[in-house]
Every structure is written in C-alpha cells, then in structure tokens.
Amino acid sequence: MKLKTSHLGWWITGLTAALFFITPALAQDDQTLEGKDWGDYHVNQSIEVGWRGTSFTGNNDVYDTFVNLGQGARLFNQTLEMRSKDHQGLLFDTLSLTNFGYGGDPNNFSMLRISKNKWYDFSANFRRDRNLWNYDLLANPLNPTTSNPSVIIQSSPHSMALTRRMGDYNLTLLPQSNIRVRLGYSRNTNEGPSLTTYHVGTEALLFQEFKATTNNYQVGIDFKVLPRTNFSYDQYLNYYKGDSTWTDNNLIYALPNGQLVDMGVSWDTKNNSPCAKPIVNPTTTPITVSPKCSDFSYYSRTGPVRTASPTEQLSFQSNYFKNVDMAGRVVYSSSGSSIADFNELFQGYESRTLARQLTTSGPVAINRTAVSADYDVTFTITPKFRIVDEFRFAYFRIPGQNDLTTSALFGSSATATLVGFDPATCPPPYTAKACPVHNASSEADLATSISSIFLGQDTKANTFQLEYDFNSHLGGRIGHRYRHRIIDQRNVAYGTSTYDPTLAKGGPCAGAPLNPDGSCTVSGPSTQTLANFDASTTINENSLLLGLWARPTDKVRLSYDQEWMYADNTFTRVSPRQFQHYKFRSDYKPKQWLNMGTTFNIYEARNNVYQVDHLEHTRNYGAYFNVAPTDRWSLDGGYNYTSIFSQTNICFIFGSGAPPAVFPACTIVGSPVTLQGLSIYNNKMNYGYFDFMVKPTKRVTLRVGYSIDDVTGNTLILNPNSPTGPLDYKYHRPFGTLDIALARGVTWRTSWGYYDYNEMDASTDPTGPRSFRGNLVNLSLVYSF
Amino acid sequence: MDSKMKPRRVSAAMTLMIFACLLGTNLITAGTPAQTNPPKPIQDFRGDPADYVGMDTCKACHSDMYDSFEKTPHWKTTLNPSKGPEWQGCEACHGPGKKHVDAMSEAGNEAAKIEAGRKLIFSFKGVPAADISKRCLSCHTYDEEHSNFARQAHNINNVSCIDCHSPHHAKSADFLLREKQPLLCYACHSEVRADFNKPFHHRVNEGLIKCTDCHNQHGGFLTKQLRSTAAQDMVCFKCHTDKAGPFVYEHAPVKTEGCVACHTPHASSNPRLLRRSQVNLLCLECHTLTVDSGAPGTPSFHNQSAKYQACTLCHPMIHGSNANRFFFQ
C-alpha cells in the first residue's frame, strides 16, 4: 500500500525554493566535469541517491501493473567510467559500471564492462524486474448481477507477482587475435506467487507457485584462416527447469458436512454455474453450499519439467573474393524435455460426470530438433549495382509423448462417501448401495492413454534483390521473396479404459465383452483426446520488394520500403493471404540544432476467402522535431497516430434462449455452433509528447514534459457484461525536473511525475473503475566528478 | 466503413509517392554540386605506407579531434604497429594524410589552396553510407553480430555506422553511441516511441530492456533483424522461458506463426500485449470451423452469452501443455 502524502508537495516546494536561494554562494559556474585521475586511470563517476514519495488515488492494482514505483530511499543512478590514461592498464584498460533502481524499485539493473587490449573483453549485466500484474479484466468471468448470489470478481484470476532475475556474463579472450575464444553464461529465473484457473465442473481459482529457471552456457571460437574471412564455431547448452506447483487455496465455502470447498470463479446461476441453487445457507461462516454443485475440495498438481537443449552453430563471414560479400551459418539444436512423473489429484465434485476424485499421473517426454542454414551473398557487379541473394532453411520437429493413467471415483454428491468397485460388495445386478454411482457422462474408472503428438515445420525462403545506386544521392532496390512452408501435425493416441459394471453396458462398452467381474475394458484410439489426425499444410508465399533511399542534400534523408505479399494458403484464419507493407521515413536537418522528420508505417493484410473475410490494418503516421539552438534550452516533440483495425467472420453460440437479432445464423456448413458475427476490433491512438529543457542560469536546469495516449475504439462484445475496457482511455504523464547545482559536481535534483490513467469506465462496468492518478516526487542528490 | 481498406487506393498512393520521391530527389540532386570527396572502393582505401604521416602530425592541427580520439578505444590501434601505419591512429579511418599535410603546409593563407588541401584527406561528410560503413567494417566484422551488415535494413537505407556511433563525440562511452538507447533508436523509429508509451509495454523506457536485446541492429539472418535464442527459437523465449516448451501438446501457431500471432511485441493497449481487447474474440477468429481452417471450431457448449468471457479461464495453458490437449493443465 502506498502512503498518502498530502503535504508532500508543500515540503518539496519549500525545500526546493530554499535551495534555490541559498545556492548562489555555493554554486560553481563551471559544471563541466572532466573527471579525476586515480593513479594510472582517469575516472568519471556519478551517483544519484535520494528518496521518492508517492501519492495516488484510484485502482491500486492497475497502478502496480502499469507503474509500480513505490515510496522510499532509492539509488536512482550510478555510473563509473575508468580509463587507463595510456590504454595500457595493469589489469584493465577500461571499466564501466552502471547501476540503477536499487532500494525497492521494480526494475533493477547493473552492467559491468571491463576490457584489456588484446587480452580480454568482459561484460556482465544483471536485471531484476518485479512484475506485479493485476488488470482485473483479464480472464475475468464477468459474472452477471442476475446471478443468485451475485459474485463480482474484482481482480484478475490470472494475476501474478513474479520476480525475474536475468544475468548475462560474457568473456572474450584474445579479442584482437586471429583466434579468439568466447565464453558465456546466462541465467534466468522467474518465480513468485500467481493465480490461475482450472476447469473441472467449475473454474477453480488455483494458487500457482511459479518457478522457472534457465541456465545457458556458451563456448565459442572465432578464427581467421583466410584473409578477410572469419569463421565461428559455437556450442551452447541451455538447461531449463520448470518447478511450478499448483494448489487450490481458495476453499472459502463449506458443504453441509463442514468440508471446505472452492466453488470456482464463475457465478451465473441462471446458466447453472456452478449450479442453479448453490447456496444452502448464506448466514453461516463460511457460507454453506449445496453438495449437488460442482466444487473443489482439494487440488494439487506437480510435474517438474527438465529440458536440455544443446546447440551447435558454425558461421562465417567473408569478403575473400573480390566484390563478393557473404555470410552464412548452420545451426543444429536438439532438445530433450521430460517430466519424470506428472501428478495431479482432484477431489471435489463434478455434477456433470459425478466425478468425486480424479488422479492422473505418468511420465512425459518431448524432443525438439531444429536445424537451420542461412546463406546470404552480395555480388558487387559495378560500384553502383549489386545483386543480393539471401537463402534460409529452417526446420523443426517436435515429437512428444505422454503416458498418463487416470483413475476416477464417482459419487452422487459432494458429500457422498468415496466408493470404488469391489465385486464382493457390489455383486450383480450391481444395484447394491456399495456400488459406485455413475451416469452416462461419467468417464472411465481407470484409463491409460499413450498420446504421441507431432508438430513440424519445414521452411525454405529465398530473397533475391537488385540494388542500384543512381548516384550518391539516390538508390533503390527491387526484389522478390519466396517462402515455402510445410507444416505437419500428427496425433496418435491409444488408450485402455475400464468401466465399472454400472457403466459397462453402454457407451464405449456397448457390444464389448464383459470382464468376469462385470466390468468392461476397451482398447483403441483414446477417448481422452480428440480423434487421431494427420494434417499437412503447404504454404507458398511470393513477395515483391521495393525500396528507395534518397539523400538529396546532406540535410535531407528519405527512405521507403515496400513489400507486397501473396500466399496461396494460410495456416490460421487470421494469417494474411495477401499483405502490403509500406514504410516511409523522412528526416530533415536544416541546422545542426534543428531536426525534424516524419514516418509512415502502413500494413494492410487480408485473408478474405469465403467464410473467413479477414481484413486488418495497422496504420501509423508520425512527425517529430528536436530543437537545441544552444546549451541553454532545447525542445523535443512529436505526434503519432496509430489505427489498428481487424475484422473476421466468426461463428459461436450465444445463450440458451433466442439469439439477439443482430446475429444471423451461421452459414458455415457443419458448424457446431449456430450464430455468426463479424469480430471487429478498432483501436485508434493519438500519442503526443514534448520535452522542454531550459537553463535560466548555469546552475539551474529545468526540464518539463508531457505525453499523452488518447485511445478510442470499439469491438464486438458478445458478453453484455464486458466493458470496452482498454479500448477507451486517456493516459496523461506530465513530468518536471529541477536541477540546482550546489557545488562543483554536486546537484540537488527535484523531479515530479504524474500518472493519470483514465479508462472511460461505464457505470455498468462490474469490475471498474480501473483508473488511477498518482504523483511521484523524487528528491535526490547527484554527486559526480 | 473504415474496415474496407481500399487497398488499391493505398497501393496507388504509395506508387505515386515513390515516383514523387524519385522525381523530387532527381530534381533536387540535379541542382546539387557533385560530391566533393568521392571515396575510394574499400579494397584500396588503404594506401602505400609511405603516404602515412602518423597521428602526431594530425594532432598538430586537429588537437580537439585528437583529444576526443585519445579517450576512445580506437586509440588502441596505435598500440599495434605490426600491421603498419595504415591500420593505426587517425589515418586508419581517414586514410593516408601525406598529400593533405603537404598541401596544407604549402597553402599558407590562400583559401583556394586550403580548400583543395582539405579534399586530399578522406572526410566522412557527404559520403554514401555504404562506403562509410565499409571503412568501419574493415576492422569490425570479426563476429556473427556484424556478419550480415551489408544486407541489413540500415545499410540498404543509407544509414551508416556513424549515424549511431560517433567516434569523436559519443554521448555514451559504451560503443561510442551518439545517444543512449532507446532514444537513439527513437530518433528514427518514432512510431516505436509511441508503442512503448502504451500502458502495457515491454520495459524499454524503464531501462530494463534494450531494443538491441531483441533486434540485431547490425544485421542478423532473420526478418526484422530479430535475434533468436541459442536453440534457434524465437527471441521472446529468451526471457519467457516457460513458454518455449517443447510441449507434448503445442499450440501450433505459437511455433509456426510466432508469438505475434496473438501478441503485439512492443506494446499494446490490451492486457498481456494481446492483439484484441476481448480474449474470446482472439480465439474465435481462428477457432471457427471453416473449410480450410486447421484450427478446430468451438464446440456447441461454449456459450458466449454470459460466461466464458475469456477462453483462457478454462484453457490457461494456452501456449502449450504436457498433460492436456485442450490446454486445461
């Protein structure tokens, strides 16, 4: 919780004003800092430490999701540069170190670079980011108020509070020799509490203790065995550990027998979610719920994933042949991933199938083999004319298999005693009280399935271009890109299912021989998965490429790129069958202190075949300027307009009653759902900013700025409870910084930032408001030399 | 209606723009003086060792440039005399200086002779970007990072090394950059600045991620100059390792079309950088049964009227699952 600091502004204003008046006697005219000599090194250093105060109102969770800057003492920035004066230091020639964000900010960063001429280059960086994420519309069931009871979910069932730590460490030995060695190590951990959901009858809110760790090791060697030619060989080993666990800690209701249960996050009693009459007694603590409703009384899942991915890469670059520049690489990677023992236990009640307990366990193994080869070459035919060819081959295949066994126990209600089939207590005709209860939807009592799934893609692409420089001011290119893809998917699943005698006469057992105890065992394509399939998709894409650059004078720079693509097939309905992409940039710098430019970036795509009718565009237009006539003031500004649009024909089902008149019947033959609509997404964003800096005196620097996102849009909304949400908002961010030089190398800095997020919440929005307004004030001292 | 994009009109407009640019630039260039200092081809810009004067001579007149040069890593070239003077100091980049020095010495105060003398040393001003970059790359091609520079978007759009790096006036000591990231990149890619100011964004402005973490500014082999993981997977998986798999049940588009099938990589107005504000529409756009659609259609019990607001409520393991074909767990 952020502290309310209602008097913060007055304190800061007073302090800043006081400093402003007392500093003339202290301030030095010359703020140019040349650093200091420390022995054989020349050193520049700066450190900014201080305190941040925050004061905000509105939605705390959205503030944390977007900003998450808290109150307290901070290391705002620290830099250290050391340079050997004669470039021949004893242990190193140059050293640079940067740190910021320590003391509680969500983003911490450290970077260290050290090098010694001829001997080594070392770089290390460490990044830590804390990701508090809770935007309540994501995965929110948006329960209707007509439900009895009405349960409004006020936060995202998929919220998270994760912390990622990334470290990258690279060492190059003998960097300037003909043979050099590179060593690298990267570590990435991402862990913390988060929420997710799981569906068995109802959507339980699971606590996900997320933990993923990756270690990556690299050994590489570069060698020059030919003039103007470099070869590199790299060996990588990537090792991933996924140790997330899932449990249900949301047991906030009670059955009549006192058993605590989770009723899930979806509450729509009119649509039987979790059932028509879930509450038995609302006056008890906890509230007593019906045992005939779907619920979770216990859930746990574990399945530690271990993935090892060794990769080898051979690459080269050469200008060995006159007028031929070429580069290429071959990469082979083979990943093996496994879960030694996947374990899942559900206890509760699924009213549809009468399941009371489901236990799933078994091993999982997956491989991924990826091979790629690239070869790019430029032939310089004349000083003005070049032929370029780029070839890429990329192939991967992912065969995976799991061997899972699921055993189930059934009951007539959530409070029924768990009973398994026992021929001694459940003799024919299997109607004794000790016989397990099933219904027609009940799954097998014991099911073992082996699923083998395959996904593979074979890609070959070639880009051929002719480049011509008309003169030193104008050049262009024209080319053709061809991409051929074959995507293969295969699914083979084989299962053995045993049904207790009460189910053995129907369903999959119909007509099958019975076991001596009256149960039935069937084998064949598994009922636990979709039907086996073997599908292959071939896509051929052809693109026309055009490009121009112009530099009519040294002050003007223009560039234009265009690609027109046509494909004979698509893999998804929203993948483009045709697209046009245009990019234009202009930059005009009439004076050293004045710069302005424009950008257009327009992407138009479609897959407008029968029954899909997919159209989309992303159009972006922008302009910017920078003015800095003297060191005393500067002004940057810009404006950008982005229009994102998409429409796609979709079919769906909408309620059990009469459909709204706006949705016609689905015209797609064989569609299992009945209604048709045009899924429209329309997002228009105006973004503007300015940043003004002025130095009224040599010891005072004032910087003020502002940026705004103004977004409007609309989309097809199927769920009447769903608000427009992030399609209609304004986000204002003014800021200001006042630097006052107190002494040579000592600056007092006061900075202020304001975050004003205004989502245009409808009054009927069940989960709003999501807006917030926050003041952040940093008071810091910058010491540098 | 806005949805009808009138692609023909856009195409026509673009074509017109190309011709306008061509015409405009030709008109402008027609009146522009010829280039004053044409560069030599890369193969022969290094001259005879006898034509080199050494950096102390340069320093005598260009002390300000020398002072900045002396603080940069380029000064190290002077420590390695074994390769000859053409690889050392100022002249390693600017070429042999003897003719220039001789001419300037003889010029006295005669402006014409001074001007003529200036043309006898290579200056990077007004030189095509490709030629500037070739000079830099004659030393800096020694790794895969730079290996495809000749074919990358910056080079073919006449953006040279010194548009981002400043050997004499760098603002950032690291790599002698003219400006720190991301401001350096925003200077041209202004639309990306707008992206990263959206509420849901990768933390580039916060300094946690750099543009060059995902894009190889010097080239690379992939479109958009994207980097990849060591295992030749999408660069996204370098940080989002749990989404990389491999999984028994892959959500195929993640691997075949890429994360961008559902997410906008820089930023979005929508949570989780999704392409749509309503998650169920994002799913339904693919999962509607169509003749040639590979994705299965939604079954009849997926009621869109009141519940199932987000498909991921029941299908949370949407990037891939090892236990459930429907991405339940």
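Start with the hairpin of β9(A) and β10(A): two residues sit between the strands, and A:R228 takes a positive phi near 55°. This is a predicted model, where local features need pLDDT of at least 70, side-chain atom pairs count only at pLDDT 80 or more, and totals for chains, interfaces and linings use all residues. Residues are numbered from 1 along each chain as its sequence is written, while chains are lettered from A and ligands numbered from 1 in the order in which they are written.

Now select both strands. Strands here are DSSP E runs of at least two residues, and helices are H or I runs of at least four, numbered from the N terminus; two strands pair if DSSP finds at least two bridges between them. β10 (229-242) runs antiparallel to β9(A), with 13 bridges, and A:N216 has A:N238 as its bridge partner.

Next, β8 (179-200). Antiparallel to β9 (202-226), β8 of chain A is joined to it by 22 bridges. One residue separates the two in their hairpin, and A:G201 in the turn has a positive phi of about 80°.

Click on A:Q208 in β9(A). Opposite stands A:S194, and in β11(A) the bridge partner of A:Q208 is A:W246. β9(A) and β11 (245-247) pair antiparallel over three bridges.

Zoom out to chain A: two helices and 35 strands, with a C-alpha trace spanning about 100 × 70 × 60 Å along its principal axes.

Last stop, chain B. The contact (C-beta atoms, placed from the backbone, within 7 Å) takes 172 residues from chain A and 109 from chain B.

Methods
Two residues are in contact if their C-beta atoms, placed from the backbone, lie within 7 Å.
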